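Me: Could you walk me through the main features of this model, one question at a time?

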Amino acid sequence: MRAAVAALAAPPFKVHFMFCLRNVLHAFVLLLGMASAALAGPYEEALLKFTNDSYADTDAAIGSVARSGNPLSLDVIEALRDERLLIGSGQVFIRRTSGELINAATGQAWGNQVGEMKPVRVNNRVRRAIEAALGGLTLLSSDAARRLEAARAVFRSRDEAALPTLEKAIAQESLPHVRDALESARAAILLIRPDAPPMQKLASIETLRIRGDQEALALLSNLPSNAPSEVVAAAGKAADGIRTHLAFWEAFQSVWYGISLGSVLLLAAIGLAITFGTMGVINMAHGEMVMLGAYTTFMVQELIRTYAPGLFEASLLIALPLAFLVAGLVGVILERTVIRFLYGRPLETLLATWGVSLILQQGVRTIFGPTNREVGTPAWMSGALDIGAMSLTYNRIAIVVFAFSVFASLLLVLRYTSLGLYVRAVTQNRRMAGSMGIRTSRIDALAFGLGSGVAGIAGVALSQIDNVSPNLGQGYIIDSFMVVVFGGVGNLWGTLVGAMTLGIANKLLEPYAGAVLGKIALLIAIIVFIQRRPRGLFALKGRAVEA
Amino acid sequence: MSIFDITRRNLMTLAAAALVSSATAQAARAEETIKVGVLHSLSGTMAISETTLKDVMLMLLEEQNKKGGLLGKKLEAVVVDPASNWPLFAEKARELISQHKVSVVFGAWTSVSRKSVLPVFKELNSILFYPVQYEGEESERNVFYTGAAPNQQAIPAVDYLAKEEKVERWVLAGTDYVYPRTTNKILEAYLKSKGVKAEDIMISYTPFGHSDWQTIVADIKKFGSAGKKTAVVSTINGDANVPFYKELANQGVKATDIPVVAFSVGEEELAGIDTKPLVGHLAAWNYFQSVETPENKAFIEKWKAFTKNEKRVSNDPMEAHVIGFNMWVKAVEKAGTTDPDKVIDAIVGIKVPNLTGGVSEMLPNHHITKPVLIGEIKEDGQFDTVWQTDGLVAGDAWSKHLEGSKDLIADWQTLKCGNYNTVTKKCGS
């Protein structure tokens with residue numbers, strides 16, 4: 001009760017003081033909870049609209065609550081956003097994050113019994129109103145991040161009512177990037193406001209021109225029809241400038257998308273570059289190794305969620321070695337039980353591994369069910385980094401970096417470890433290697449395990465951008481073979497160049513030809529290329545090839 | 001040599017004996033039970049969606065048997081697996097009808113699988129209940145369409161966006177096959193008839209299982225920043241949805257800025273995604289698990305008990321099977337036989353309660369009446385119904401918005417025709 005009195009009696013709200021006193025009296029007379037009905041200020045009236053359970057009324061109520069200046073209004077709107085604003089028996093309650101309830105009209109504590117209360121329902125329209133209202137209310141917040149968020153919200157809502165607060169916020173803002181955001185919010189409001197003087201509008205256009213992104217362009221190219229001619233001319237010029245600027249960045253953006261697609265292809269194909277490229281095994285079950293890696297990630301995350309939720313951010317790092325082991329082990333078993341009997345018989349290998357891939361798929365379907373499994377994204381992989389007019393999503397950046405590090409480590413393993421030496425020796429001349437005392441069959445198994453294990457860790461990365469379902473691998477097997485064949489069989493560098501070329505070509509074609517035609521065009525180009533150079537981009541030379 | 005001969009002869013007799021005995025066993029059982037075919041993929045790409053429907057059918061049959069079966073006989077499910085392989089659907093349908101002598105088949109998901117089994121059902125004169133929303137432009141005597149036609153899903157969804165979200169610019173994004181292409185053709189014609197200009201419509205198709213959505217989402221963002229309110233109407237099917245929604249979330253496309261309304265994303269599909277960034281995106285269906293009616297509550301309880309899994313979700317095509325099965329049961333009871341011709345005649349006009357509180361009716365065009373619900377995705381992967389039609393909407397076999405199809409009607413009761421042209425007064429367009 002005391003909290004409510006203090007809150008309502010706070011200096012800026014003297015108008016309410018009389019009501020407040022009456023409220024206190026009533027509260028004492030009628031005991032707890034009966035007081036709110038006696039109040040009929042704009043805030044209380046608006047609150048009652050929430051109880052109608054209608055989106056239109058909720059929308060209207062948000063605006064009135066935000067304008068009322070009541071100290072609880074911020075709490076009410078935040079609670080609404082998080083679905084913590086409850087209605088029951090004609091009254092409105094805020095549930096604190098701690099679970100305690102307070103009466104939204106008076107601020108009194110209300111215990112923590114939710115009982116029959118229901119949260120006020122929220123839809124997109126209401127969410128937009130919330131965002132706009134919060135923008136206006138938090139412009140003067142002491143937290144810089146919230147001020148920035150508020151400035152962006154006002155920029156989007158273009159709510160004229162926020163203008164006075166905005167001016168005040170700009171005057172006292174010390175951080176340059178927040179100040180820029182505040183100023184572009186002001187520019188957005190002034191530009192569409194009919195009665196703003198042309199001088200102000202021209203200044204606004206200049207601010208937006210400097211901002212130079214798609215949102216600014218949208219504002220500049222949609223001026224109100226009654227704008228003065230000099231403003232229209234200036235806006236047109238600024239919009240043209242922004243268009244040129246954006247077109248320039250768009251080219252970079254396409255290349256980045258290409259690199260990112262290329263790195264996904266690289267990840268999927270790099271394991272195959274070992275099993276098919278160096279060992280010559282046509283392994284149709286390669287995609288299923290990727291899938292096993294993804295399911296391992298899922299299992300790891302499930303265990304972490306149950307036993308150690310604090311480790312969730314590191315779940316992918318924990319999954320990496322496990323996925324390598326699981327897929328690698330399956331690879332070794334596959335090699336020992338099936339493939340080793342079929343060396344030198346590519347057609348039979350193809351059919352046998354195709355069968356194995358179906359068995360693995362159906363096995364996973366039986367164990368985990370046919371539906372997708374949810375693999376969460378750690379916070380550090382969510383969101384996007386803005387560079388100029390480009391936006392690079394963190395998960396794609398992580399995958400690009402990851403793909404290149406896998407490539408580098410594999411290159412090092414093949415170049416500098418004894419296993420790598422043996423693998424190269426066996427690939428180049430099996431009989432000679434055998435004569436030198438290398439146990440060729442053991443090396444075959446290990447190399448196959450290595451290739452499969454790498455496919456497994458690709459699965460960890462792909463679980464972040466694709467479905468974790470039994471069909472995951474099928475989507476990548478064709479592309480992987482394409483990359484390896486195009487890049488040149490038996491050459492890791494070829495795989496890298498092949499993956500990047502295909503990725504970038506695909507993404508540069510896509511805006512013009514569409515996703516379907518782009519893919520077809522690329523396929524035809526590869527067929528023609530392979531006709532001209534059957535051994536791919538980087539063909540192995542020497543006696544090993546002829547053997 | 002002689003030993004070999006004997007073994008071979010033995011084998012032959014054994015096989016023959018086995019054949020005879022199994023045939024007699026089948027004949028004996030056929031007298032006692034009514035067989036119901038279930039033709040849903042249990043392996044391959046479509047298993048993700050279709051396995052659930054098989055489970056629903058098994059539950060419905062078990063329930064009906066507990067009530068004493070049908071016409072005094074027990075119902076027996078014959079489950080086959082067409083393995084997401086379209087020609088195999090036709091083979092398996094033939095196997096169900098000619099070999100297992102089923103009285104009715106519940107099955108198929110994709111339009112191409114439906115098209116593949118159509119000739120078989122016509123030739124062998126059997127009945128198919130098809131439970132999935134589809135592109136329309138079809139009405140067959142042997143098929144009952146319990147999913148939504150475009151006017152029961154796509155058109156109301158677009159109306160909702162235009163009215164409630166004030167959308168003026170439209171992205172029609174779909175997977176490249178018959179359902180999205182036809183639906184988008186209908187939507188494009190409809191939007192243009194409502195005064196939307198060609199430059200305010202962007203159409204984009206992607207291959208099945210498309211996983212790299214960076215360019216398309218960036219295009220949508222760019223298209224949406226022209227100052228007019230923009231929405232995406234998604235007929236993206238199956239697995240491609242997960243990476244699409246992930247990319248939307250990553251590139252910061254929020255439902256409050258550019259809402260996506262999907263026609264193929266339901267509770268089952270959302271179960272595989274982290275739904276937090278998707279809150280507010282929409283879906284249009286005729287049923288949501290979150291609908292609060294006593295019928296739905298009872299159904300969900302039974303479903304969870306049957307699957308022994310508290311987390312199993314229910315979705316729209318499941319409800320379609322529930323309605324279809326109940327209609328078939330009523331029609332068989334009315335006809336007093338499972339003979340397809342009699343059931344086809346008896347079923348038109350049959351009314352059964354649906355799970356959203358209404359009563360659906362089988363129409364002469366072999367489509368049914370359904371309510372249309374628009375839902376927003378909530379954080380828990382369920383939908384919050386934000387809008388629904390006042391009453392039930394009758395399914396149109398032929399779209400009113402397409403040239404060449406707007407004059408056609410289907411009526412299997414009086415006209416006995418699936419494509420009667422009201423202008424030329426002739427059957428067969």
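**A sheet in chain B**

Reply: Happy to start with one pair: B:F129 stands opposite B:F144 in β5(B). This is a predicted model, where local features need pLDDT of at least 70, side-chain atom pairs count only at pLDDT 80 or more, and totals for chains, interfaces and linings use all residues. Residues are numbered from 1 along each chain as its sequence is written, while chains are lettered from A and ligands numbered from 1 in the order in which they are written.

Me: In which sense do β4 and β5 of chain B pair?

Reply: Strands here are DSSP E runs of at least two residues, and helices H or I runs of at least four, numbered from the N terminus. Two strands pair if DSSP finds at least two bridges between them. β4 (residues 128-130) and β5 of chain B have three bridges, and their sense is parallel.

Me: What is the strand order of the open sheet of five strands in chain B?

Reply: β2 (74-80) and β5 (143-145) of chain B stand at the edges with a single partner strand each, so one side of each lacks a neighbour in the sheet. With parallel pairing, the order in chain B is β2-β1-β3-β4-β5.

Me: What share of chain B is buried?

Reply: A residue is buried if 20 or more other C-beta atoms, placed from the backbone, lie within 10 Å of its own; 12 or fewer makes it exposed, and in between it is partly exposed. Of the 429 residues in chain B, the buried ones make up 53%.

Me: How many helices and strands does chain B have?

Reply: The C-alpha atoms of chain B fill a box of roughly 85 × 55 × 45 Å along the principal axes. Chain B has 12 helices and 19 strands.
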